[in-house]
Amino acid sequence: MTGTRTGTSARALTAGALMLGWIALLWVLESIDMATGQALDTYGITPREPGELLDIVPAAFLHSGWEHVASNTLPLLILGFIAALGGIRRFAAVVLTVIVASGLGVWLTAPPHTVTLGASGVVFGLFGYLRRPLDIVVGVVIAVVYGSLLWGVLPTDSGISWQGHLFGLIGGVGAAFAFRRPRRATHPVPPASTV
């Protein structure tokens, strides 16, 4: 019992530290972006330009202003913490899957001459990744607080990348299936009999 509690505490501390570090990185990057006259925004995704495929990963860590990074902070922190409790390697694989799915979706379908950046594709992906009932309840509460989480996959606002949101969500659902843990047998398998 103590070992389980210690393991759970260690996972929670690791997940918390990881997510606080990630959030700090987003704010530091936005500080650099603002100090340099939005020079980092060039690493956003411009659709259907082959060279822009290299910007799929950095675009998920950059934002277009303080309000943008602030709106992603709380949902990313909470959903990321829940997802990271399952293990850091699994979490990294899930996040990479979501970033690639969201970024490729933007690259393929966003309107021409636009630049897309921000962590909201990851937020939607983590929402799609949630599987346990308690995680889903927390996700729904965040969706209510976050506001656009459920409507953000629809083309309702020209200034918001519904493509990044939708493909992030699809990537998260796909990651939930791809990285699910094998189910444990509920009944022990009887040993094979010998003849």
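Start with helix α5, residues 120-129. Ten of its ten residues are buried, so the helix is largely enclosed by the rest of the structure. Select S120, G121, V122, V123, F124, G125, L126, F127, G128 and Y129 to see them. Keep in mind that this is a predicted model.

**Whole chain.** Zoom out. The protein has eight helices and zero strands. Across the 195 residues, buried ones make up 39%. Now consider contacts between residues at least 6 apart in sequence: 79% of them join residues at least 24 apart.

**The core.** Next, select W22, L26, L76, L79, F91, V122 and L126. In the largest nonpolar core, which has 38 residues, these touch the most other members. Elements giving two or more residues to this core are α1 (2-35), α2 (56-59), α3 (66-84), α4 (88-109), α5, α6 (133-146) and α8 (162-178). Which element gives the most? It is α4, with seven residues.

Centre on L76. Leaving aside residues up to four places away in sequence, L76 touches M19, W22, I23, L26, F81, A119, V122, V123 and L126. Two of these, V122 and L126, are among the buried residues of α5.

**Aromatic pairs.** The structure holds three aromatic pairs. Select W22 and F91. Their pair is edge-to-face, with 6.1 Å centre to centre and 70° between the planes. W22 lies in helix α1 and F91 in helix α4, so the pair ties together parts 69 residues apart in sequence. Are W22 and F91 buried or exposed? Both W22 and F91 are buried.

Move on to W27 and W66. Their ring centres are 5.7 Å apart and their planes are at 15°, so this pair is stacked. W27 belongs to helix α1 and W66 to helix α3, so the pair ties together parts that are 39 residues apart in sequence. W27 is partly exposed, with a relative accessible area of 31%. W66 also counts as partly exposed, at 38% relative accessibility.

**The surface patch.** Select L53, V57, L96, V100, L104 and L108. Together they make a nonpolar surface patch of about 460 Å². Helix α4 gives the most to the patch, with four residues. Where does L53 lie? L53 is in the loop between α1 and α2. Its relative accessible area is 35%, so L53 is partly exposed.

How values were computed: Residues numbered from 1 in each chain as written. Predicted model: local features only at pLDDT ≥ 70, side-chain atom pairs only at ≥ 80, totals over all residues. Heavy atoms only, no water. Buried < 20%, exposed > 50% of the residue type's maximum accessible area, 1.4 Å probe, protein only. Contact = heavy atoms within 4.5 Å. Core = buried A, V, L, I, M, F, W, Y, C linked by side-chain atoms within 4.5 Å. Patch = residues over 30% accessible without salt bridge, like charges linked within 9 Å, V, L, I, M, F, W, Y side chains within 5 Å. Areas by Shrake-Rupley, 256 points an atom, 1.4 Å probe, with all protein chains shown as cover. Salt bridge = Lys/Arg side-chain N within 4 Å of Asp/Glu carboxyl O. Phe/Tyr/Trp six-rings, centres within 6.5 Å; stacked < 30°, edge-to-face > 60°.
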